[in-house]
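Subject: Structure handover

Hello,

Here is the structure you are taking over. My notes on what was found follow below it.

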Amino acid sequence: MDASIKSLLYSGTVIPAHPLALTEDRQLDEARQRRLTRYYIASGAGGVAVGVHTTQFEIRWPQYNLYERVLRLAAEEIDKAQLSRPFIRVAGIAGPTAQALKEAGIARDLGYHIGLVSLGGLNDYSESRLVEHVAAVAEVIPVFGFYLQPSVGGRILSYDCWRRMADIPNLLAIKTAPFNRYQTLDVFRAVCHSERCDEIAMYTGNDDNIVADLLTTYRIPVNGKIVEKRFAGGLLGHWSVWTSKVVELFNQIRSNPTDMGLLSTNIAVTDMNAALFDPSHSFKGSIAGLHEVLRKQGLMEGTWCLSDHEVLSPGQAEEIERVMREYPEHTDDEFVRAFLEKDKI
């Protein structure tokens, strides 16, 4: 990994999970897909994650066969931008070991820096086999570990599992997204007890606690000493919308982490996330909710997803309207309007 990319990964940044833009007949909308990548670059994000849950896991299904194509589109737009700053390219990697190794090779060959390895759908793997699975991927591409919450396909993993994960030489970051403080603490304890503690960047994916996660210093007793570790940044589907304001808030947190008012901001952001991610309906509208914001802003044409069941839940559109009305300081409609004036398709 390039030294400037690794430095940014460790110091921390905003990484939106990249959505999938479709036409009404559920074909890839290449022009808007490319423009979404440009929006994240223009917003000041430090990278994008493509091929992850927000991009829809169905892109891997044979009838769509979009995995390599969507990764390539984002890579091409990043190349075209000719940025003078580092920009992290994260590729989502999923499936059994053979599939994961194939995806890792595709991502590496397309110039992606690191692979976010989803363990969803691998419930028949023992924890030891999961560690072997991640270690195998790490031989192909640097790895972003991923603790995914059970309600969307993940599973609860033990402290011991994460302790062994932390010792994988090419595992450089971990995204914790169990939406659970106990399980998040397990990962921090595991990393802090590893000799590789300083070689692993922690990123929040806890949509219910984003700001508080970024404010918190974990102080873990290790062999009679206190080891401190913080979330360096975040990799979130929530951050795929209102991204320029996300970057502003992230910079505010970084510059003034003792501002107690930010704890109230955490509640506002969690309220907004609830509208987007639809926990009241077991997260069924989590992808369509993001699409609805992007549609309203003109960045997407509609909320269509590859699977018919991925739709807004009853009342979700109204909830999105509510949070946009109640927290305008965290939305970026004006930024998007100015962006679209310059970025015609």
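The model is a predicted one, in which local features need pLDDT of at least 70 and side-chain atom pairs count only at pLDDT 80 or more, while totals for chains, interfaces and linings use all residues. Residues are numbered from 1 along each chain as its sequence is written, and side-chain values use heavy atoms, with hydrogens and water left out.

Aromatic pairs

The structure holds 11 aromatic pairs. Rings of Phe, Tyr and Trp (its six-membered ring) pair if their centres lie within 6.5 Å; planes under 30 degrees apart count as stacked, over 60 as edge-to-face and the rest as tilted. The rings of Y39 and F335 have centres 6.3 Å apart and planes at 55°, so this pair is tilted. It links distant parts of the chain, with Y39 in helix α2 (residues 30-42) and F335 in helix α13 (residues 333-342), 296 residues apart. Helices (H or I, at least four residues) and strands (E, at least two) are DSSP runs, numbered from the N terminus. Y39 is buried at a relative accessible area of 0%, whereas F335 is partly exposed at 30%. Buried means under 20% relative accessible area, exposed over 50%, and partly exposed in between (1.4 Å probe, protein chains only).

W61 and Y64 make a stacked pair, since their ring centres are 6.3 Å apart and their planes are at 25°. W61 is partly exposed, with a relative accessible area of 39%, and Y64 is partly exposed at 27%.

Charges over rings

The charged end of R129 sits over the ring of Y125, 3.7 Å from its centre. The charged end of R189 sits over the ring of Y159, 4.3 Å from its centre. The criterion is NZ of Lys or CZ of Arg within 6 Å of the ring centre and within 35 degrees of the ring normal.

Helix α2

The 13 residues of α2 reach 18 Å from first C-alpha to last, close to the 18 Å expected at 1.5 Å a residue (the expected span is 1.5 Å times one less than the number of residues). Its buried residues are Q33, R34, R35, L36, T37, Y39, Y40 and I41. What covers them includes β1 (14-16), β2 (47-50), α3 (67-81), α9 (243-255), α11 (286-297) and α13, where contact means heavy atoms within 4.5 Å. G44, which follows α2, has a positive phi near 95°.

Core

The largest nonpolar core has 118 residues, of which L9, L71, V90, Y112, F144 and M165 touch the most other members. Such a core is a set of buried Ala, Val, Leu, Ile, Met, Phe, Trp, Tyr and Cys residues joined through side-chain atoms within 4.5 Å. Leaving aside neighbours within four places in sequence, the contacts of F144 include L9, I15, V90, Y203 and L235.

Two single residues

S286 is found in helix α11 and is buried, with a relative accessible area of 4%. A polar atom of its side chain lies 3.1 Å from the backbone oxygen of F283. Not counting residues up to four places away in sequence, S286 touches H53, L276, F277 and D278.

K344 lies in the segment after α13 and is exposed at a relative accessible area of 58%. K344 and S244 are 100 residues apart in sequence and 19 Å apart in space, C-alpha to C-alpha.

Regards

Methods: Polar contact = N/O pair within 3.5 Å; in protein donor to acceptor, adjacent residues only side chain to side chain.
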